[in-house]
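Here is a short walk through one protein chain, part by part. Take a look at the sequence and the structure before reading on.

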Amino acid sequence: MTEYVVLIAGDEDNWWTDMTEEQRAHAYAEHGRFSTELERRGHTVTGGAELHRSSEARSIPTGGGRPTEGPFVETTEQIGGFYMVETDDLDDLLECCQILAKLGDGIEVRRTVAADERAS
């Protein structure tokens, strides 16, 4: 099986902070439905997490140096969470990701570099 990371990117200032408790509960339920659907279709979730706000991030500049507060770059969209998924069917994984995209976030799916692909 191939491992992919499903990155969830959105505008953290206008999405989670402005949601009502009911909207937030619905969003969490949809994440649960996403996980259930992945399992039902034979994909394996191997990890993942919701991330705290980007304002809590610490970044180290290219080449090293003193860590700074906040995200590496300033953008309106930030990574808010991720799933690690093993699958042999990328097209079906992308179809399942429509569940998350319909919540209003952008989704990026990327294949991870397997141990046997790394340069020795």
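## A ring tucked away

Start with Phe34: its relative accessibility is 0%, so this residue counts as buried. Keep in mind that you're looking at a predicted model, not an experimental one. Which ring sits beside the ring of Phe34? That would be the ring of Tyr83, with the two centres 4.9 Å apart. The planes of these rings meet at 65 degrees, so the pair is called edge-to-face. The count of aromatic pairs comes to one.

Tyr83 is buried too, with a relative accessible area of 12%. What makes the pair handy for getting your bearings is where its two members sit: Phe34 is part of helix α1 (residues 21-40), while Tyr83 belongs to strand β5 (residues 78-87). The pair therefore ties together parts that lie 49 residues apart in sequence.

## Around helix α1

Is His31 buried or exposed? With a relative accessible area of 14%, His31 is buried, because anything under 20% gets that label. Leaving out residues up to four places away in sequence, His31 touches Ile8, Tyr83, Leu100 and Leu103. Tyr83, the partner of Phe34 in the aromatic pair, is thus also on the contact list of His31.

Now zoom out to the whole helix. Helix α1 lies across β1, β2 and β5. Against β5, the helix runs at about 20 degrees.

## The sheet under the helix

Those strands belong to an open sheet of four strands, in the order β2-β5-β1-β6, and the pairing is antiparallel. Which strands stand at the edges? They are β2 (44-50) and β6 (106-111), each with a single partner strand, so one side of each has no neighbour in the sheet. Going from one strand to the next, the twist averages 20 degrees.

You can follow the pairings one by one. β2 is joined to β5 by six bridges, and the two run antiparallel; Glu50, for example, has Gly81 in β5 as its bridge partner. Then β5 pairs with β1 over nine bridges, again in the antiparallel sense, and here Tyr4 is partnered by Val85 in β5. Finally, β1 (residues 2-10) and β6 are antiparallel across six bridges, with Leu7 standing opposite Glu108 in β6.

One handy thing to remember while you look: in a regular strand, side chains alternate between the two faces of the sheet.

Ile99 is found in helix α3 (residues 98-101). At 9% relative accessibility, Ile99 counts as buried. What does Ile99 contact, apart from its neighbours within four places in sequence? The list is Glu30, Arg33, Phe34 and Glu37.

Ile99 and Ala29 are 70 residues apart in sequence, yet their C-alpha atoms are 11 Å apart in space.

## Two cysteines, no bond

The structure has zero disulfides. Cys96 is in none, and the nearest cysteine sulfur, that of Cys97, is 7.0 Å away.

## The whole chain

Step back, and you'll find three helices and six strands in the protein chain. From the N terminus on, they follow the order β-α-β-β-β-β-α-α-β. The C-alpha trace spans about 50 × 45 × 15 Å along its principal axes, and buried residues make up 28% of the 120 residues. Of the contacts between residues at least 6 apart in sequence, 77% join residues at least 24 apart.

How much confidence comes with the model? The mean pLDDT of the chain is 87, and 90% of its residues reach 70 or more. Confidence is highest in helix α2 (residues 90-96), at 96, and lowest in strand β4 (residues 68-69), at a mean of 80.

Notes. Residues are numbered from 1 along each chain as its sequence is written. Side-chain values use heavy atoms; hydrogens and water are left out. A disulfide is a pair of cysteine sulfur atoms within 2.5 Å. Rings of Phe, Tyr and Trp (its six-membered ring) pair if their centres lie within 6.5 Å; planes under 30 degrees apart count as stacked, over 60 as edge-to-face and the rest as tilted. Buried means under 20% relative accessible area, exposed over 50%, partly exposed in between (1.4 Å probe, protein chains only). Two strands pair if DSSP finds at least two bridges between them. Axes are lines fitted to C-alpha atoms, for helices over the stretch in contact, and angles run from 0 to 180 degrees between N-to-C directions. Contact means heavy atoms within 4.5 Å. pLDDT is the predictor's confidence in each residue, from 0 to 100.
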